[in-house]
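Please keep the sequence and the model in view while reading.

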Amino acid sequence: MANAVLGYKQSTFPTKLVIISLIGLLIFAVLPFVLGTFQLSFLSKLMLFGTLAVSLDLVWGFTGILSFAHGVFFTLGGYASAYYLKLNLSAAANTYGVDIPDFMVWNGLEVLPWFIAPLKYFPIALLATVAVPALFAYIIGYFIFRSKVSGVYITIITLAIASALTTFFVSQQAYTGGTNGITDVSSLSFFGSEIPPIGLYFIILAYAAFVLALSWWLTQSNFGLVLRSINENEKRIAFLGYDVAQYKIFIWTLSAAMAGMAGGLFVPLNRFISPVYLAVAFGTQVVIWVAIGGRGTLIGPFIAAILLGQFQNYADRVTQDWQLIVGILLLVVVLFIPNGLMSLLPERFSLANLSKPTRISPRAPSEQKS
Amino acid sequence: MLDFSLTSMLSSLFLLAEEAAPAAEGISWIALLNQALNGIGIVGILLLTGLGLAITFGVMRIINLAHGEFIMLGAYVTFVMQDFFKMDLLMTIPFAFIGTALIGAIVELTIIRRLYGRPLETLLATWGLSIVLQGVVKLIFTAELKYVRAPSYLSGNLSFLTNEAGTSPIAISYYRLFIIAVALALLALTMFLFYGTSWGRQIRAVTQNREMAKCLGVNTKLIDMGTFAYGCGLAGVAGAVISALKTVAPPMGQDYLVDAWMVVVTGGVDKLIGILAGSFLIGESNAIIAFMLNDPLARVIVLAAVIVLIRYRPEGLFTVQKRA
Amino acid sequence: MSKHMIVKASRRKFLQYGSLTLGASVIAACSGGTSSSSGGSDEAADLGENPIKVGVMYSTTGTIAIVEKSLQDATFLAIEQINSGTGPWEANGEGIAGRKIQKVVVNPNSDWDLYNQMSKRLIEEDQVVCVLGCYTSASRKSVLPVFEEKNSLLYYPVYYEGNECSSNVFYTGAAPNQQITDSIPYAYENFGPKGFFIGSDYIYPKESNRIAKAELEQAGGQVVGDEYAALGTTEFITIINKIKAAKPDFVLSNLVGDSIPAFYRQYKDAGITADDIPIMAYPTTEEEIQAMGPEFAAGHYTSFNYFQSVDTPENKAFVEQFKEMFGGDRVTNGVMEAAYLQTFFMAQAMKDALEAGEELNTETIRAATRGQEFSAPQGRVKIDPDNYHTYLYSRIGRWKEDGQADIVFSTDAAVKPIPWSQVLYKGRTCVHPSPDDRSDPIKETGKDLETQYLES
Amino acid sequence: MDAVLSVKDLNVVFSGFKALKGVNLEVYDNEIVTIIGPNGAGKSTLLDAIVGKSPVASGHVFYQGKEITNRSPHQVARMGVGRKFQNPNVYNQLTVFDNILLALKGSHGILASITAKLTKAKKGRIYDVLERTTLLDQAFEQVDSLSHGQKQWVEIGMVLAQDPSIVLLDEPTAGMTAKETRMTGEIIKSIAQTHSVVVIEHDMEFVKQIAERIVVLHQGSVLAEGSVEEVQSNREVIEVYLGREAISTAA
């Protein structure tokens, strides 16, 4: 009774959301047994892209920071993971009979650089996959969010970061493999046995579910309320005693860590990482997934990444000029469905509403207060 | 009113570069002077490619990611005019302007107009537009590189300090000088249009207070369309002029996008003259750092410097500090 | 057919230019007008029974499309000739032992990520028996794990940096010893000892220049500068000024793609002539020269296996047939020729396998491709049965005002490929076992490998 | 008695323009100070400088004896200074309830906000604030759908929820109907029973309703200070206002 009076039944379990999530999870759990091998790996990849889109949704959809640099965080995680897999190639597979990677031999390196060497060990590599992008994001975040810079200028900074880092990685060929990136890596093993594609699929599914659940949990709390307020008017909320920069840096760093881990899982699947994922074009791709899926909906960007990937795959069967179709689609969505695909769902199915606690209209508390 | 953080950073880089340079040879100051002079060539291209964006973003606040594609369209107009009518490159410039301005007007009418006040949607729409424009141009002209001829009277070099052997340690090509001349002329023309004509006053009225301008009888829709088309037309001229020096292909515009943004942001968007400062700083520092180190590192360093600059002066170098 | 094609081509051009003014009708007019713009697989109907599915993977959009589109064209020409029993395939009748090639075309949009994804799709979903494709090293590296994991076959038509010996790739472009080994001594003797090396900033130019540097130093010369520009760079003021300052005897260029026309134009624009400092290039071909305008390249040099001006009957026919299909203003070049000839290697191998009563799969095609010979436009060439690279001619051409090359140097026969540069990795080579059990093929002989030629 | 807030010789400069010139002000416990003055007198700037929104060129701001000059806004807010802006500065996309919840006094760190639970006590506080601002019936409506006057109350409610010891209100009645204005006056009076209040106002009727002490700002300086009567009879004030038409129409 008391809860009803006060409006929010917050203690109530979000039943509808849990049921829908479980159904979704079940579908994704059954899919690999129905799909062919191509779709299995394709879907694994798209789920990682979807996870990346969710991580951007946290900073853009909720907090209002539009970033073209999320590909950068993804790729940094990817490189950490790629060094691990590269350094763990079996000795027989290393064609130069030395314990440094082939691309370093080609570039005249004789000793494994000290900052790459520790990545041979799994725990360090795993930590680096998350920590390197997170640390990089933290430094950038600290630098730009504790200043007057806002809005489109932050976006331009992320554009410059993606562009500069792409150039940098390409030019440091001895350490990064240049344009090729790191190729010819070993596959991921678990206690000596190679993880099969379906195993990788379930690891990725688990990670995607984890990211979605964590993001949902964060955004439905007061923390999420603060993020949305920052989005709407960041100046005002400072006068309520919130350290806006701290919040921004936190979500930015967390989002980068999520993106980094997605990149880390991407390498065993894709078997290479390269600066192509650092570039502005890929960063824009992530932005498009979020825009098309619907900002601030979490699941929307995830689904959009998967659907757009599939769409592109089938459009390529129709015409070689498939990216023209993708461009037109993007224009149509922006002009006619500005709030993204999720806004097409009827209100009561909207996941944004499902994720909110049930609401009951209040009665005048003067009657109820005891 | 130079930004000191940037200049001091550059000077520290010089020290760094001096250390990095091979000790035996040292730095040839004549070669450096030559490089600095040729850096003007880079400045010209930056100025030219950034000018259109200074209008569409600086004045109208439209985040136009299809800016590079308008440059590309201008280059293709020049190609068509040369290929079909055997026109001299100089003659094609008005056509490049009109052609891209027309397309710009159509784009404003069908897309941009619906998105005023929604910068993020504009950004996405113009990205979509850039994909579409590239795709359409590729359909029409195929993906092959196209050949645009520079006028023969613009070949050759302006040289200084020519020695007896006939070689000149300091020289800059006439075509580069021509690019600068075009860029400066367009800048002057644009400044005249904006600050010296009633059209310019109307544009400034609209950008400062749209509602008030409407009340005063300004046709804001026409002004919006005209201004956007003009910005696109400038990009088209840039495409026409650089087509003879670089390559003409559907993705060519992508190369200029990030640079144009950096130029506009560095100079500051409030004053058109800021873009001259932005191009000069970025172009010259790029040229000089590249000469001491190499091209990719120069790019990384200059981009990093621009990031630092935005951090401390988001309003650019040439903007008066305003009340928050 | 020829008349029909030409008429169609000019009508297409008309339509395309016309539609520029029409704007809105652009897409409709053009997608209807071009046969090659449609993707996906051919209609199965006119390919008779049981066609052979072959993947064709070149980008026709994006930054690298300027090169890869013409590779696709050359491949399409070869497939057309095989299916219709014309050109070099005349003696074999229509198709391969009666079965036609069904091409499954994908466009990875110059995106390494999509090369990887689309190669997976071709192999697993479309079930192609092999794939023809890729241009840059980065794209090859991105698909290599796919072909090795799925044990499928890639025919790769591009000169490259070497250092690779996969059981799943047939390399029909030049290995380092077929392009660099002859060009450097030539430059040393004819231009002088000082070389200035430039290139696009990625593995092929860097590795090529490293090999060339070792070759030049072995010959007694020296490298006076080594500069790289990011892929797609079109601004060369700085590099050209550095060249001026270093005063080399020649420039070795490993620039690729749209950087090439921009560099040559700005080089001449800066007042450096071919007489002052000639450029010796590897990736600069007839196509780039046409795009930059031949006057900018006249007097400079390119080292390649093939030039359009090669004087063989096969080449005359190839150039004629290519122009017939794609328009008289088109040129042919070495990479296109490799894309063309590798399609015939593949077809011959399939024919041999089918005629031996075998099924077409990776094992049979691989076994049958080893040692295939073909009278290509550049001359008689052969797939090396040991290392899966190709015996190719080594030639140097000097560009003329008309955009064609004077061939100033040529080997008498095709040179045996060696995937590892012998100046850097002495004695290292590669011998795949027979039958190929996909074990490690690398052999360290420790001795100098003699240059071998294809015996006719 | 020590002042809750004291401003000493405050100067604020915008690009050479002196917005505030040596302003002194003291606010004591549970009093209402009303600041009036023509447009551009520096009223809002004074509040901005106090809460750390505009940089102070020279001078000092003390809050409960501690110097807060040029501290960042969230720090000043956390110490107990609440601020309401000239135009209703509320979250239109959120419900009234959420707006108040955001402002509620308590730890505003990240961890606290993630783990925060909506306890009974908190809900009680929120309803208390809603009751005082007469917004109970609109608790779960999006602020977007409220009238202008109601939005002003939402913001006053937010300031209340912060439970500051001093409340700075910038034109709380702007855009309100006469009835709403009177109600706002009552709300402010009730606030002043437990808080110190600084109000910027144009509407002289309203000023008369609430004012205890009035400070007149003119061209960045304090022109006069005192009770309503004292100020109204001050010659300088009359000159300034009469120069710009009559006092009564100044709103």
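This is a predicted model: local features need pLDDT of at least 70, side-chain atom pairs count only at pLDDT 80 or more; totals for chains, interfaces and linings use all residues.

How are H4(B) and H9(B) oriented to each other? Helix H4 of chain B comprises residues 89-110, and helix H9 of chain B comprises residues 220-242. Their axes come within 7 Å and cross at roughly 140°. Angles over 145 degrees would count as roughly antiparallel, and those from 65 to 115 as roughly perpendicular. H4(B) and H9(B) are therefore oblique to each other. The crossing in which H4(B) passes H9(B) is right-handed. By class, the residues of this contact divide into 15 nonpolar, eight polar and two charged.

Helix H2 of chain B, residues 29-59, packs with helix H11 of chain B, residues 274-292, at an angle of about 140°, and the axes are 7 Å apart. H2(B) and H11(B) are therefore oblique to each other. H2(B) passes H11(B) in a right-handed crossing. On the side of H2(B), the residues that make the contact include Leu32(B), Gly39(B), Ile42(B), Leu46(B), Gly50(B) and Ala54(B). From H11(B), the contributing residues include Ile275(B), Gly278(B), Phe280(B), Glu284(B), Ala287(B) and Phe291(B). Taken by class, the contact of H2(B) with H11(B) has 15 nonpolar residues, eight polar residues and one charged residue.

Chain C has 456 residues, of which 61% count as buried. Among its contacts between residues at least 6 apart in sequence, 69% join residues at least 24 apart. Within this chain, helix H9 of chain C, residues 259-269, deserves attention. Eleven of its eleven residues are buried, so H9(C) is largely enclosed by the rest of the structure. Among the buried residues of H9(C) are Ile260(C), Phe263(C) and Tyr267(C), together with the charged Arg265(C), Lys268(C) and Asp269(C). H9(C) is followed by Gly271(C), whose phi is positive, near 90°.

The two remaining chains can be approached through their database annotations. For chain A, an unreviewed UniProt entry gives the annotation "transmembrane region" to several stretches, including residues 17-38 and 298-315. In the model, residues 17-38 of chain A are 91% helix and 0% strand, and the end C-alpha atoms of the span lie 31 Å apart. Residues 298-315 of chain A are 94% helix and 0% strand, with end C-alpha atoms 26 Å apart.

For chain D, an unreviewed UniProt entry places the feature "domain: Guanylate kinase-like" at residues 30-239. This span of chain D is 42% helix and 19% strand, and its end C-alpha atoms lie 32 Å apart.

Conventions: Residues are numbered from 1 along each chain as its sequence is written. Chains are lettered from A and ligands numbered from 1 in the order in which they are written. Axes are lines fitted to C-alpha atoms, for helices over the stretch in contact, and angles run from 0 to 180 degrees between N-to-C directions. Helices (H or I, at least four residues) and strands (E, at least two) are DSSP runs, numbered from the N terminus. Angles under 35 degrees count as roughly parallel, over 145 as roughly antiparallel, 65 to 115 as roughly perpendicular and the rest as oblique. A crossing is left-handed if the near helix is turned anticlockwise from the far one by less than a right angle, and right-handed if clockwise. Two residues are in contact if their C-beta atoms, placed from the backbone, lie within 7 Å. A residue is buried if 20 or more other C-beta atoms lie within 10 Å of its own, exposed if 12 or fewer, and partly exposed in between; C-beta atoms are placed from the backbone. UniProt positions are given in the numbering used here, feature names are shortened, and annotations may be inferred rather than shown by experiment.
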